[in-house]
Amino acid sequence: RASAVCLMGVLAIVIFAPLVLAHPPEARQRGFVVFWFVVSAFFNATWQIPLIVFREVITTAPHTMDNLPKFIAWWGYGFADAHYGRVTTWMMAEELWWLLAIAMSVYGLVLLRRGREPLAFVWLGVAGALESYNASLYIVENWLVDGFSNIADGSVLAQVLYWGFNPLWAFAAGLASYFSFRFVLERLERRERVGEAG
């Protein structure tokens, strides 16, 4: 759990770093949007998908020092949140929804790379909204259905991990969605002003 808390802190700093760089505000916001979706896709590919694909191996391996180097990446959060520790069907359903949003964001990033900015930011805006909804829905389900029984009892680190990671994902994705849709609206407004001036 302590290793996962350290990772969470590093991730939070890395995710929001583009917003504090010495660049104009729009460039910082665009950098954040691109970086968030790259980080989100990378995290999904290297942490969430292997957890589901290799769930039997990860969840049934004995909790020994010999196995720790192999499984610490998953055990750290899994020891805090039982849905991820057991890889429940609810957790897998949530991650499949996140995977759909990742696919949409990758398509948006490809469009952005090709210079099709308005359409790219629409795709990224929708992907970010889906991710934010997904992370928020997870918290609401844990509250209304599970009564937060999935969070390990008597562990401050488990609370820190749960209330650190889940709102972090929801907020970062929501902010990326907000910036993306704002870029689209600003471009439309500029086009309208040019049309009125012409």
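These are my notebook entries on what I looked up in this structure.

**Entry 1: ground rules.** I am working with a predicted model, in which local features need pLDDT of at least 70 and side-chain atom pairs count only at pLDDT 80 or more, while totals for chains, interfaces and linings use all residues. I number residues from 1 along each chain as its sequence is written, and the side-chain values use heavy atoms, with hydrogens and water left out.

Entry 2: For burial I use relative accessible area, where buried is under 20%, exposed is over 50% and partly exposed is in between, with a 1.4 Å probe and protein chains only.

**Entry 3: two helix pairs.** Two packed helices are described by the angle between their axes and the distance between the axes. The axes are lines fitted to C-alpha atoms, for helices over the stretch in contact, and the angles run from 0 to 180 degrees between N-to-C directions. For α1 and α2, I noted axes that come within 9 Å and cross at roughly 145 degrees. Their contact (heavy atoms within 4.5 Å) is made by L11, V14, I15 and F16 of α1 together with F32, F35, W36, V39 and F43 of α2. The axes of α2 and α4 come within 11 Å and cross at roughly 80 degrees, so the two helices are roughly perpendicular to each other, a label for angles of 65 to 115 degrees. Here T46, W47, P50 and L51 in α2 meet A73, W74 and Y77 in α4.

**Entry 4: L51 again.** Not counting residues up to four places away in sequence, L51 touches I58, W74, Y84, V87 and M91. I then looked up V87, which is found in the loop between α5 and α6 and is buried, with a relative accessible area of 5%. Its phi is near 55 degrees, a positive value in a residue other than glycine.

**Entry 5: two buried polar side chains.** H83 lies in helix α5 (residues 82–86) and is buried, with a relative accessible area of 7%. Its side chain makes a polar contact with the side chain of D146 at 2.6 Å; such a contact is a pair of N or O atoms within 3.5 Å, where within protein one must be able to donate a hydrogen and the other to accept it, and residues adjacent in sequence count only if both atoms are side-chain atoms. N166 lies in helix α8 and is buried as well, with a relative accessible area of 6%. The side chain of N166 reaches the backbone oxygen of Y162 at 3.0 Å.

Entry 6: F148 is found in the loop between α7 and α8, where it has a positive phi of about 55 degrees although it is not a glycine. F148 is partly exposed, with a relative accessible area of 24%.

Technical notes:
Helices (H or I, at least four residues) and strands (E, at least two) are DSSP runs, numbered from the N terminus. Angles under 35 degrees count as roughly parallel, over 145 as roughly antiparallel, 65 to 115 as roughly perpendicular and the rest as oblique.
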